[in-house]
Amino acid sequence: MPTFGLRGAMVAPYNNNAGVVTYGAPIGAGCAINVNLELRFAEARLYACDRLAEYLRKAIGGTISFEAKYFPQAAQQAMFGATLKTRSATYTPAGSAEQQTSNITSVVNSGNDAVGYVGFSAYSPDMVDGVEKWTAFFVAKAKFAPPSIVRQTKGESITFQTPVTTGEFLPDDTSGMVLQEVAICDSEAEAIAWCSAVFPQGG
């Protein structure tokens, strides 16, 4: 269906307790720009009697790409296993002779990061037979990688550089082996509520 926007991206830490899947508290994943989900399939062909006799195709996972205006620190901790570090920085402000000290918090990615799985949800406005609807979608179990750092000097024109994270999603640990869900909602309020409801709380 024709969608024309992307809003309300959220992630939540994924927990599996003997096949009972719950999530931590949902976290805003940043002001969404673009998301791309592509399912991956396993295929098998059986040839018999000189022809293709059977064909099997099953979804086994997929890839996810998510671009945002920025990733909040809490989202980076959940999505990338990042940690926070505070440093005291002393400097002399422009136009002043006196030094000033600030405590500045940074996001640290290291080789020791324990990157866990998260659930991911968002929604889009769209049109269904001339009526405005809202399509909400959910990925049950995904693992992301920290985005590349891309910067460019300012020239005669200004180009915005925005972070993009990529990752894999796979079936969750329930008996249904859920990969993704999509829901059509009648209002934005319904879509927002659905995007929260997909994260059952616990552990």
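Predicted model: local features only at pLDDT ≥ 70, side-chain atom pairs only at ≥ 80, totals over all residues.

Trainee: How many bridges pair strand 9 with strand 10, and in which sense?

Mentor: Three bridges, in the antiparallel sense. Strand 9 has other partners too. Six bridges join strand 9 to strand 11 (residues 180-185), again antiparallel, and there Thr135 stands opposite Ile184.

Trainee: And how many bridges join strand 8 to strand 9?

Mentor: 10 bridges, with strand 8 (residues 118-128) and strand 9 running antiparallel. Look for Tyr123, which stands opposite Ala136 in strand 9. The hairpin of these strands has two residues between them, and Asp129 takes a positive phi near 55° there.

Trainee: Why is strand 9 said to be largely enclosed by the rest of the structure?

Mentor: Count the buried residues, meaning those under 20% relative accessible area. In strand 9 (residues 131-144), 10 of the 14 residues are buried, so the strand is largely enclosed by the rest of the structure.

Trainee: What does Thr165 touch, not counting residues up to four places away in sequence?

Mentor: The contacts include Ile64, Ser65 and Phe66, along with Phe71, Met79 and Phe80. Phe144, Ala145 and Pro147 are also among them. For the polar side of things, check Ala145: its backbone oxygen lies 2.5 Å from a polar atom of the Thr165 side chain.

Trainee: Zooming out, what does the secondary structure of the chain come to?

Mentor: Two helices and 11 strands. Along the sequence the pattern reads β-β-β-β-β-α-β-β-β-β-β-β-α.

Trainee: What radius of gyration does the chain have, against that of a compact globule of 203 residues?

Mentor: The chain has 22 Å, whereas such a globule would be near 17 Å. Its C-alpha trace spans about 90 × 45 × 40 Å along the principal axes. Of the 203 residues, 31% count as buried.

Trainee: And what share of contacts between residues at least 6 apart in sequence join residues at least 24 apart?

Mentor: That share is 64% in this chain.

Terms used: Residues numbered from 1 in each chain as written. Heavy atoms only, no water. Polar contact = N/O pair within 3.5 Å; in protein donor to acceptor, adjacent residues only side chain to side chain. Contact = heavy atoms within 4.5 Å. Buried < 20%, exposed > 50% of the residue type's maximum accessible area, 1.4 Å probe, protein only. Helix = DSSP H or I, 4+ residues; strand = E, 2+ residues; numbered from the N terminus. Pairing = 2+ DSSP bridges. Rg over C-alpha atoms; globule rule 2.2 N^0.38 Å.
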